[in-house]
Amino acid sequence: MASVWERALKVLPGGVNSPVRSFRGVGGQPFIAERGEGPYLYDEDGRRYIDYVMSYGPLILGHAHPTVVAAVQDAAGRGLSFGTPTRAEVEMAERLTGAVPGLELVRMVNSGTEATMTALRVARAVTGRARVLKFEGCYHGHHDTLLIKAGSGAATLGVPDSEGVPTALAALTLTVPYNDAEAVAACFRTFGQEIAAVIFEPVAGNMGTVPAEPGFLETVARAARAAGALVVVDEVMTGFRVAWGGATRLYALEPDLVCLGKVIGAGMPVAAYGGRRPYMERVAPLGGVYQAGTLSGNPLAMAAGLAQLEVLSQPGQYQRLAAVTEALAVGLEERARRHGVEAVASWRPGMLTLFFRATPPKNFAEVAASDLSRFRRFFHGMREAGVFWPPSPFETAFPSLAHDATAVEQTLAAADQVFRAL
Ligand code: KE4
């Protein structure tokens, strides 16, 4: 009898619906998830893992939170989709615009890719310009304009990071290192009047967790404003994770457009883009920027997201999330040090990466120069010890509000064993 994985390999490219799930970054064969409960993921063989992948970000309350599940079950009984406006999507839009500074109008979509893709389309329409500036190591989804890696040398002209992306299109995307204010200034000096938007993760999470250095985001925004470019903050990962209202509220950013996702859908397909009214009034049916989606604002997805945000809005939640994350970060560093393993934890509330290097990396090149093979051994050791760490050195671990003291202690005990043998 062929296993589920053997069957998957026959009918899904690489056996997966998203590449990172294939464990290509660490080697080995992924397990088949059967159910989740709080901080735990159970595979079909009944093994239990303390989960730090958490669906790559949405599950900030843990797996199968009763309030979220009940909300989805209740909504499902009234129908799965209508094709007309519903109360739930209005309530979601009110919730988001009430929490995120500068979010005056917002549009629901089904993935972070759609959100960032459309935000850049709005920026290009508003400015009449074609170029976009992004940062090396930041990921904003798989649309052509942003599947771009750094070009050679100072040219900063992007080159495709995927087959099938035309080089002519890739060249419209400029790429500079994260946390490099001088490279940003140089790029705007050369291309400023051609740049429609600069897009960034306010805390980078797709090269592992790499926070912006003090003043960096303000410098980027100032340079963009001076050149007449829009500031697009990609909070698909950080939104309602690092704080209520996201990094935009936490760091008092003043974006022109913001992208959200993951947490606002609680595990259902939800993302959103929005921002200042003059910009968002360019979006159809009000304006000439077309964007649409059969399942955008889906009632079950809205129910899940609204339920999760309701629980998150209760006092003390983000303090608790920060405390769990810090306990893990401090505990992992301490146990690595105990066994002479060079490792540093980089974290913000609800997001954490252990880098096998001496100091916290400030950009993609420094992450790539860390001890990646040691990471792979760490991943497999933790998995054998019953801890599911993200299967890539460029992914962030997501502690949740379900990760209680027991889960943290068991995680640190597992890490102690792994570091001993690393
Ligand atoms: P999606 O299209 O995958 O919903 O969102 C794209 C996206 C946009 N912006 C940021 C900051 C993101 O982190 C993401 C998606 N994150 C990855 C995790 N590194 C999704 C995991 C996956 O691709 O399976």
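Colleague: Which residues lie nearest the centre of the second largest pocket?

Modeller: This is a predicted model, in which local features need pLDDT of at least 70, side-chain atom pairs count only at pLDDT 80 or more, and totals for chains, interfaces and linings use all residues. Residues are numbered from 1 along each chain as its sequence is written, and side-chain values use heavy atoms, without hydrogens and water. A pocket is an open set of points on a 1 Å grid over the protein atoms alone, with protein on both sides within 12 Å along at least five of seven lines, and lining residues have an atom within 4 Å of a point. Of the 25 lining residues here, those nearest the centre are Glu-89, Arg-107, Met-108, Ser-296 and Gly-297.

Colleague: Which element gives the largest share of the lining of that second largest pocket?

Modeller: Helices (H or I, at least four residues) and strands (E, at least two) are DSSP runs, numbered from the N terminus. Two elements give two or more residues to this lining, strand S4 (105-109) and helix H3 (87-99). The largest share, four residues, comes from H3.

Colleague: What is the volume of the largest cavity?

Modeller: A cavity is a set of grid points where a 1.4 Å probe fits but cannot get out. The count comes to one cavity of 30 Å³ or more, and its lining includes Leu-354, Asp-371 and Phe-375. With volume taken as the space filled by probe spheres set on the points, which are joined across faces, edges and corners, the value is about 40 Å³.

Colleague: How are H11 and H14 oriented to each other?

Modeller: Axes are lines fitted to C-alpha atoms, for helices over the stretch in contact, and angles run from 0 to 180 degrees between N-to-C directions. Helix H11 (residues 317-338) and helix H14 (residues 405-421) pack at about 20°, with axes 9 Å apart. Angles under 35 degrees count as roughly parallel, over 145 as roughly antiparallel, 65 to 115 as roughly perpendicular and the rest as oblique. H11 and H14 are therefore roughly parallel.

Colleague: Which residues of H14 does H13 meet?

Modeller: H13 and H14 pack at an angle of about 130°, with their axes 9 Å apart, which makes H13 oblique to H14. Contact means heavy atoms within 4.5 Å. From H13, Phe-378, Gly-381 and Met-382 meet, in H14, Thr-411, Ala-414, Ala-415, Val-418 and Phe-419.
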